[in-house]
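Student: I'd like to learn how to read this model. Can we go through it together?
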Amino acid sequence: MARGRGFPVSTHVIWLELRSRQEQVLVRRAIDDDYVPVTHDSADFTALMESEPATRG
């Protein structure tokens, strides 16, 4: 859906072979690869994102 709406470099956890991984693993990957997570579970993911140290300056 995102690619069809003008975000050609968007991806999905399935395409990254991260399906069924713990949320913390997904958050770390998002931070490390400079992704912006899009989720229905924003309350949990927001808290996890805020608890992780950033790796980029």
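Student: How many helices and strands does the protein have?

Tutor: This is a predicted model, where local features need pLDDT of at least 70 and side-chain atom pairs count only at pLDDT 80 or more, while totals for chains, interfaces and linings use all residues. Residues are numbered from 1 along each chain as its sequence is written, and side-chain values use heavy atoms, leaving out hydrogens and water. Helices (H or I, at least four residues) and strands (E, at least two) are DSSP runs, numbered from the N terminus. Here you get two helices and zero strands.

Student: How do H1 and H2 pack?

Tutor: In general, two packed helices are described by the angle between their axes and the distance between the axes. Axes are lines fitted to C-alpha atoms, for helices over the stretch in contact, with angles from 0 to 180 degrees between N-to-C directions. H1 and H2 pack at about 60°, and their axes are 10 Å apart. They are therefore oblique to each other, since angles under 35 degrees count as roughly parallel, over 145 as roughly antiparallel, 65 to 115 as roughly perpendicular and the rest as oblique.

Student: Which residues make up the largest nonpolar core?

Tutor: Such a core is a set of buried Ala, Val, Leu, Ile, Met, Phe, Trp, Tyr and Cys residues joined through side-chain atoms within 4.5 Å; buried means under 20% relative accessible area, exposed over 50%, partly exposed in between (1.4 Å probe, protein chains only). Its six residues here are Leu18, Leu26, Val27, Ile31, Phe45 and Leu48.

Student: What share of the 57 residues is buried?

Tutor: That comes to 16%.
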